[in-house]
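Hello,

Here is the structure I promised to pass on. Please open it first, then read my notes below.

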Amino acid sequence: MSVSKNNKLAIVLVTSLFFFWGFVHNLDPILIPHLRNAFSLTHLQASLVDSAVFIAYFLLAIPAGMIMKKYGYKSGILIGLTIFAIGCFLFIPAANQISYVFFLTALFVVACGLTILETAANPYVTVLGDPSKATQRLNFAQSFNGLAAFIAPILGGKFILAEQPKSDTEIAAMSEQVKLAYMQAETATVKAPYMILGLIILIVAAILFLLNFLILKMMKANKRLVSFMHLSIKCKVGSNRTVFLCGSTGVCVEFYGTLCH
């Protein structure tokens, strides 16, 4: 696989990231009423879902830039994806513990990963491929946010809001044991979507890591090949004749190399 083809695959993978973070952001409007109903929250308490997300953007904005400066866009994307996936997996123990604070923590961690990811992916997609088409690539990648905004409510409504939630009056009339079972059932519905999303993010991160390693390896191999092809070799042919081979192919160098002594 050539470096050019690897770059095309990298563009596809980085573009997919725009869809994933758009998907997560558009799950929040579904998650807010779901958690409010499950935990019998006030509107103010439920609004902390959005607060946990945007506080992460506020706190991580400058550190994300520092990560890009020190480690580069590729490493920044991998770091962002890893934190993103960890946040998704935290929804599983949050649901098991039936803890609203745990859910907010998971959302905060997800948002921290997204902050780093967005900081890296937006400029990185512009440097992949033809510089003259950088703006087109960025606009195309960002269009997947809109696609995610269309798909997320459909899938979220199907898997997270699968059943009609009970009213506050119905919940208040439940015994403690029944209420606990209801809360456990309601919070458990978020586990599968976020677990699947976390696994997908880890797979994308692994592919990007291997792709980056492959590109670096091929670039080093190409550099060695170019140096080898332009190597000047001084050979003695017979007792009085000297031949200089400059810019010759590897095959020619190897062939004439057998004449050297």
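A word on angles before the helices: they run from 0 to 180 degrees between N-to-C directions, and each axis is a line fitted to C-alpha atoms. Please keep in mind that this is a predicted model.

**Helix packing**

Start with α2 and α4. Helix α2 covers residues 28-39 and helix α4 covers residues 48-71. They pack at about 135 degrees, and their axes lie 9 Å apart. Angles over 145 degrees count as roughly antiparallel, and 65 to 115 as roughly perpendicular. The two helices are therefore oblique to each other.

Which residues meet there? From α2 come D28, I32 and L35. From α4 come V49, D50 and V53. By class, this contact has four nonpolar residues, two charged and no polar.

**The largest pocket**

Next, the largest pocket. Its volume is about 250 Å³. The lining includes F19, F20, F23 and L27. L155, G156 and F159 also line the pocket. So do A192, P193, I196, L197 and I200.

Which one gives the most? That is α11, with five residues.

**Aromatic pairs**

Last, the rings. A pair of aromatic rings is described by the distance of the centres and the angle of the planes. How many aromatic pairs does the structure hold? There are ten. One of them is Y73 with Y124. Their centres are 6.3 Å apart, with 45 degrees between the planes. This pair is tilted.

The Y73–Y124 pair links distant parts of the chain. Y73 sits in helix α5 (residues 73-89) and Y124 in helix α7 (residues 100-127). The two are 51 residues apart.

Best wishes

Notes: Residues are numbered from 1 along each chain as its sequence is written. This is a predicted model: local features need pLDDT of at least 70, side-chain atom pairs count only at pLDDT 80 or more; totals for chains, interfaces and linings use all residues. Side-chain values use heavy atoms; hydrogens and water are left out. On a 1 Å grid over the protein atoms alone, a cavity is a set of points where a 1.4 Å probe fits but cannot get out, and a pocket is an open set with protein on both sides within 12 Å along at least five of seven lines; lining residues have an atom within 4 Å of a point. Grid points are joined across faces, edges and corners, and a volume is the space filled by probe spheres set on the points. Helices (H or I, at least four residues) and strands (E, at least two) are DSSP runs, numbered from the N terminus. Angles under 35 degrees count as roughly parallel, over 145 as roughly antiparallel, 65 to 115 as roughly perpendicular and the rest as oblique. Contact means heavy atoms within 4.5 Å. Ala, Val, Leu, Ile, Met, Phe, Trp, Tyr, Cys and Pro count as nonpolar, Asp, Glu, Lys and Arg as charged, and the others, Gly among them, as polar. Rings of Phe, Tyr and Trp (its six-membered ring) pair if their centres lie within 6.5 Å; planes under 30 degrees apart count as stacked, over 60 as edge-to-face and the rest as tilted.
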